[in-house]
Amino acid sequence: MIKTLQELADHLGGHIIGDPSVSIGGLGTLDTAQEGQITFLANPKYAYKVKTTRATAVILPPEADPCGHNAIVVASPSLAFAKLLTLFSAKPRIAKGIMDGAFVDKGAVIGEEATVYPGTFVADGVRIGNRVTLYPNVTLYEGVVLGDDVTLHAGVCVREGCRLGNRVTVHNGTVIGSDGFGYAPDGQAWFKIPQIGIVIIDDDVEIGANTTVDRAAIEATRIGRGTKIDNLVQVAHNCVIGEDCIIVAQAGIAGSARLGNHVTLGGQVAIVDHIVIGDNAMISGQSGVFGSVAPGEVLSGTPAIPHHARLKSAAVFPHLPEMRRSIARMGNRLTKIEEKLETPMGTPSPNAAAPHYVSD
Amino acid sequence: MIKTLQELADHLGGHIIGDPSVSIGGLGTLDTAQEGQITFLANPKYAYKVKTTRATAVILPPEADPCGHNAIVVASPSLAFAKLLTLFSAKPRIAKGIMDGAFVDKGAVIGEEATVYPGTFVADGVRIGNRVTLYPNVTLYEGVVLGDDVTLHAGVCVREGCRLGNRVTVHNGTVIGSDGFGYAPDGQAWFKIPQIGIVIIDDDVEIGANTTVDRAAIEATRIGRGTKIDNLVQVAHNCVIGEDCIIVAQAGIAGSARLGNHVTLGGQVAIVDHIVIGDNAMISGQSGVFGSVAPGEVLSGTPAIPHHARLKSAAVFPHLPEMRRSIARMGNRLTKIEEKLETPMGTPSPNAAAPHYVSD
Amino acid sequence: MIKTLQELADHLGGHIIGDPSVSIGGLGTLDTAQEGQITFLANPKYAYKVKTTRATAVILPPEADPCGHNAIVVASPSLAFAKLLTLFSAKPRIAKGIMDGAFVDKGAVIGEEATVYPGTFVADGVRIGNRVTLYPNVTLYEGVVLGDDVTLHAGVCVREGCRLGNRVTVHNGTVIGSDGFGYAPDGQAWFKIPQIGIVIIDDDVEIGANTTVDRAAIEATRIGRGTKIDNLVQVAHNCVIGEDCIIVAQAGIAGSARLGNHVTLGGQVAIVDHIVIGDNAMISGQSGVFGSVAPGEVLSGTPAIPHHARLKSAAVFPHLPEMRRSIARMGNRLTKIEEKLETPMGTPSPNAAAPHYVSD
């Protein structure tokens, strides 16, 4: 695919410095791009590389120096680069139909232009929209509903009655709708609480590989529009996750927790059950959040506290042994002074009479 | 299904307040239940909702006020509700046999009333009990043994020679019997230690989705009767887990660790190798346990300490910077006092002569 | 299989004490080995068991007492035992070919002596070496390349264009080449950054079950020769992992992090993005590493600090409440002393005039 710089600028909504008619046939980094390609400057600390890049054009933020290159100026060069990467890497989707070796129940309804690979099983009562791709060895249980333009990668399982919106993508091995983890104590043993709810995933959600989203005990576990979930994440029963959240790998969200919109959870974060995380809150990696979080808060650590305070306390942590010794020594110094002040000046102090701190 | 209140009370072993002949056709929460349904009060803080529920009957703990409703009084309303939910939601199991597209080796033995879905592979030497359900794309390696009434969801793998008892349920994508992680250093490289043991899972165990239970190096990794394991949990080789344990999502148990009976591990807990966790111990979420734990202990944090002490220390943690500054200031104050007491009163102190603490 | 002690000593490069002609037909532990078997002493604290073992021969470290047994003396008895376990447990591999129910695209090339089980899908453009075993329900996307002697267990997925070297083993449910987690903010929503790179896995790598290795945004995520990765590990896009590393279960490595050679990551460790972990560094379980690590360092905790210092500070942690109280009390004692020294000796101190610390 070859585009003129003008066409790319129009696509990005940017303005051009230099020659709008030059032809661009691909992308590269500042270091690797060749003549005929376009590159981008995202981080100002690499501005010095603009001068020496061999690229025919550079995507720049406002006020950056093009160093004599053709350029497209946009508010966010990394967003612009992602858009061009999408443009240049996109391949036309060709529907392959229901392939030999796929098992589709007669009671399932599949829309137009589907691709269903061998080894995939679609149960009775499943309803699937248009332009859906089901890679090999996907399993859709009874009553599952998929919107249009859904892509389920090999090994994905969607359990009984769960619903996915339009343009949802789920990567390999992820499980949607396994039973929530609920048992009532019955003397020594545990009695299983039936998990009769479902999972509802809204439009434009993307979920990584080997993640698990449990079905609700009753009603629904919900993931809001545009939310992106990484690999190996646990979403427990009855969680409600808002829109446009970012949930990084190996995070775990316990039952009935609620996340607002645009919440960010770092990798390996734990959110306890039944709490509320406000809009735009950010939880730093490996933190454990044991109570509700106000909108916009930035927390870290276990238990999570404001990130700023956490950093300061963490910096003191390695000094704890020396602090403890200081306290012990100061206690001894205080005792000596107190003894001195109790007795007339110049008299020997009776050491044994006063309590002493012992250092470890 | 319609039952009288008397029939439900008999099923639960509870006693009735009000009219035992009323008909109950379903369940709901205090807020959502309709006439003809039964609801329950589990948490005393919602007792005020009993008055206004539209339910025909309420399951109550002893001494709660029925507010004029029909009621069944039981020791544990949430257990009773789980039992009724099971009663009302249970569907009769209809065996589908070995379906087209399932691959069952001639050398495998499958009991009566089995359901084996397409895409499932059963190897030579596998022995399977009665009323077993194998969802699509399950893989049973050679010599696997399954008891009666086992349910393996789509994508489950059970490796060579592993044995599951009766009424075991395993959710999607879980792997039973992958090789334990064992290598011996051989100069720079690692020499694989063959993992020739198996996994033995006792009756009534339930395991969530995408969990991994490794086979033993020699002998067996064991999971005791009635234990419930959540999603994305790691159980390493040669672990021995007792009966009726609860292991929450993303916990990890290292090699040869032993858990007693009725142990609870919170989400993301780590248990190091070769330690023993006593009966009824509870480890709070995200804790790291680096030494053996006595029966009944309640621990938290990394390294885990008694939960009570942990909470107190964690509350002090944000004050560390201020504590360090206090120590520095007090050191300076002490030095001044000591100088004053060393020298005759009234004489200016020679500041430079004494050591000084420096605050950060 | 029966071997003479001499044959085993030759295989191990060890020297014999006793009779080189005795026959050995198997292995056991010091406790369980029978006549005709060989056992080993790895941990000196079990040396007393050598005396009473029923084994015909014992593998010993230099200078251990054979207590009258036949013995093979080697530098590392556990390595020697692993080698003998391999020798005695190895079964000859018999190629089964492409079995009925496997789906291999006409455009795929498969080497000699392959075994491809039912339910496995091999896409167009895949190239596979000799003696490869693909268990059931494996999915190889377009353009995947596998070397010789590769074993992929049931449920493994290898995504578009990824490459695995010779003698690579991947356990069940692991995903190689799922999309990296990359989005650019586009106002409120997230714009997906296409992940057009691949994963390259070098020779002799072994990867556990349900692990995820994401494809690079551009170029390649790389895992070096001989590295061993456990279950449920996350390797993010563009990571570069060196040779002979050990990465224990549930560890997570964020985007573009680089590990040197022979690095050890304990279970549940988190490595943040874009940092470098030097050769031979060891990170203890559950640690969070937020900055680059020099070669050979041994770190622990979150944020990770030298393990030695961590242990000392962690030992002080439970004393924080008592330290805080001590600081408060010492502040009060200091204030009293200062008051006394300000006023003529013997005069009552005006308590209310000085600031007081308050203990919690």
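**Figure 1. Contact between chain A and chain B in the predicted model.** Here 52 residues of chain A are in contact (C-beta atoms, placed from the backbone, within 7 Å) with 52 residues of chain B. Two or more residues of the chain A side come from each of β21 (175-178), β22 (183-186), β23 (189-192), β26 (212-214), α3 (307-316) and α4 (320-342); helices (H or I, at least four residues) and strands (E, at least two) are DSSP runs, numbered from the N terminus. The greatest share belongs to α4(A), with eight residues. This side comprises 28 nonpolar, 17 polar and seven charged residues, where Ala, Val, Leu, Ile, Met, Phe, Trp, Tyr, Cys and Pro count as nonpolar, Asp, Glu, Lys and Arg as charged, and the others, Gly among them, as polar. Local features need pLDDT of at least 70 and side-chain atom pairs pLDDT 80 or more, whereas totals for chains, interfaces and linings use all residues. Residues are numbered from 1 along each chain as its sequence is written, with chains lettered from A and ligands numbered from 1 in the order in which they are written.

**Figure 2. Contact between chain C and chain B.** Chain C and chain B contribute 52 residues each. On the chain C side, α2 (77-89) and α4 (320-342) each supply at least two residues, and α4(C) gives the most, with 11. The chain C side divides into 23 nonpolar, 22 polar and seven charged residues.

**Figure 3. Surroundings of I72(B) in the largest nonpolar core.** This core, a set of buried Ala, Val, Leu, Ile, Met, Phe, Trp, Tyr and Cys residues joined through C-beta atoms within 7 Å, has 305 residues; buried denotes 20 or more other C-beta atoms within 10 Å of the residue's own. I72(A), I72(B) and I72(C) have the most contacts inside the core. Beyond its neighbours within four places in sequence, I72(B) is in contact with residues including L5(B), L8(B), L12(B) and I59(B).

Key: Contact = placed C-beta atoms within 7 Å. Buried ≥ 20, exposed ≤ 12 C-beta atoms within 10 Å, placed from the backbone.
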